[in-house]
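Good morning, and thank you for the time on today's agenda. I would ask everyone to look at the screen as I go through a few strands and helices in turn.

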Amino acid sequence: MTSSSDRSQPVDVKTYEVRTYGCQMNVHDSERLAGLLEGAGYVRAPEGSDGDADVVVFNTCAVRENADNRLYGNLGRLAPKKASRPGMQIAVGGCLAQKDRDTIVKKAPWVDVVFGTHNIGKLPVLLERARVQEEAQVEIAESLEAFPSTLPTRRESAYAAWVSISVGCNNTCTFCIVPALRGKEKDRRPGDILAEIEALVGEGVSEITLLGQNVNAYGSDIGDREAFSKLLRACGKIDGLERVRFTSPHPRDFTDDVIAAMAETPNVMPQLHMPLQSGSDTVLKAMRRSYRQERYLGIIEKVRAAIPHAAISTDIIVGFPGETEEDFEQTLHVVREARFAQAFTFQYSKRPGTPAATMEGQIPKAVVQARYERLVALQEEISWDENKKQVGRTLELMVAEGEGRKDDATRRLSGRAPDNRLVHFTKPDQDVRPGDIVTVEITYAAPHHLLAEGPVLDVRRTRAGDAWEKRTAEKAAAPAGVMLGLPKVGVPAPLPVATGGCSVD
C-alpha cells in the first residue's frame, strides 16, 4: 500500500547537458536545443556535472581538422559512464554530424541519436524513439526544417540575445566546409525577425546580435539588396532596444547603404567584425574570396569616416596553401593600415572535404608557427595602442555577467562599451545588476581590456537588469525536486508571434 508521504515524493528529475563547439551559429543552436529539452521535461544539469546528466548532447563543429578526434575522444570518455547508468542517452548534432552521419554510430555505437544542422527541432522526438526502440536513431535533413529562432529557447543571458536572420551561405571559400553542411543561404522574412526582437525586448532583453553565416548578404534570398540596411534602420525604431550588433559580414556585400544605416541608427553600435582572412590578393583569389586588399581597406576607410570611434575587428588565417613570405607581408601591411582593435588569428587547418585541403603548396608547420607569432605580436602592439586612445573618454557600459575573472579579488565589475570593448570598473556603493548601464571614465588601457579606476559617474537601472534579477530570484527559489513525468513526444508548439513589428572557428 502506498502512503500519502510516498505519493508526495517528486519523480526523478531527468537532466541534460549541451556541449557546444564552434561558431556563434552553434551557440545559438545550443540555446534552442536547451529550450527544446526543457520543453520536453528535462532540467539543466548542475554546472560541472561533466557527463553525469541523463542526456548529453554534443553540438559539433567541422571547421577544424581535428574536430572528429575531439568528438570521438569525448564520446570515448563517456562510454563507461553510459555503461554504468541504464537510461542515459547521448546525442550528436551540428556540422560534424551532418558531415559524418554514417560513421558516428559505427565508431561510437553507444551514441543514441545523430541529427544534423537542419533538423535540431527533432531532438526530443529522436531521444524518445531511441529509448522506446532501444536502437540508435540517425536522422539528417538535407534542407532546413525550421529557422532556429522559431524554436523554443533557453537563453544564456537575460539581457542579451542572438537573433538569426539567415542560415546557410552562397559563397564557395576553398577553406570552408560550412556551405556544404548548412546549405545555401535562406533568409527569414523581415516581419518575423522584427516580431522576435520585439518579443525579446518585451522579456527585458536590451541588446540583440543579428546572426547569419554571411549576415550582410541578407536580402539576396528575398530579392532586396538593401534589405540588411533596412533591417538595421527598423531595429532603431524598436522602443526599449538599446544596442544592436551583427556578425559576421562579408566584405563582398558590405555596401554604402549599410555604412549609412550604421552611422544614422543610434542603437546600432559603433562596432564592426569583418573577416579579412588574408591581405594578399593572390591568396584571396586562391581562397575564392571575392574582394581584394584595396576593396577591403576602402570599406575600413568609409566606416571610419562615417563612424570615427568604431572598433573594427577581424579574422585572419596564416599559412594558407601557397602563401609566400611576400603574401604574408601583405597581410601584415593590411593589419598596420586597418588598425584593428582586435584580430582573431588562426593557423591554417585542413578542413576535410574542402578544396584547400588537397591544394599543392601546403606550408610546413614551423613556417606557419613563425608567421603566426609575428602576426600576433604586431596585432598585440596595435590593440594596445588603440586601447590607449580610449583613456580619458567617458563611456556608457552595459554591465556584464561573469566576464572579469579577477573581479571578486579586485572588487570590480565588468561591462561592455558601445564598441564592445571590455571594461573593468570600480564597484559602486549602490546595487548594480547585469544589464544595467553605468557611466565611467577610462583611466588605463591594456591590450585586451580597459580600466575605469575612479568612481562610477552614473548608474541607470534598466528593464534588462530587472529581467536578470527576476531570473536569478527564480533560480534561487527553484525546488530541489520537480514533479515531472516522461518527456513529451513530438516537436513543441511554436512560440506565439508578437504583433507589430559563422567565422573561422
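Let me begin with a pair of residues: Thr15 has Val43, in strand β2, as its bridge partner. The chain passes from β1 through α2 to β2, a β-α-β crossover that is right-handed. Please keep in mind that this is a predicted model. The strands β1, residues 15–20, and β2, residues 43–44, run parallel and are joined by 2 bridges. With β3, strand β1 also pairs in the parallel sense, here over 5 bridges.

I turn now to helix α6, residues 123–133. Its buried residues are Leu123, Pro124, Val125, Leu126, Leu127, Glu128 and Ala130. What do they pack against? Their partners are α2, β3, β4, β5 and β6. After α6 comes Glu134, with a positive phi near 55 degrees.

My last element is helix α13. It has 14 residues, 325–338, and reaches 20 Å from its first C-alpha to its last, close to the 20 Å expected. Which of its residues are buried? They are Asp327, Phe328, Thr331, Leu332, Val334, Val335 and Ala338. These residues lie on the same side of α13, because they cover an arc of only 155 degrees around the axis. In general, an α-helix has 3.6 residues a turn, so residues three or four places apart point the same way. The buried residues of α13 pack against α11, α12, β13 and α14. Just after the helix, Arg339 takes a positive phi of about 55 degrees.

Thank you for your attention.

Conventions
Residues are numbered from 1 along each chain as its sequence is written. This is a predicted model: local features need pLDDT of at least 70, side-chain atom pairs count only at pLDDT 80 or more; totals for chains, interfaces and linings use all residues. Side-chain values use heavy atoms; hydrogens and water are left out. Helices (H or I, at least four residues) and strands (E, at least two) are DSSP runs, numbered from the N terminus. The expected span of a helix is 1.5 Å times one less than its number of residues. Buried means under 20% relative accessible area, exposed over 50%, partly exposed in between (1.4 Å probe, protein chains only). The arc is that of the directions from the helix axis to the C-beta atoms. Contact means heavy atoms within 4.5 Å. Two strands pair if DSSP finds at least two bridges between them. A crossover is right-handed if, with the strands pointing away from the viewer, the path from the first strand over the helix to the second runs clockwise.
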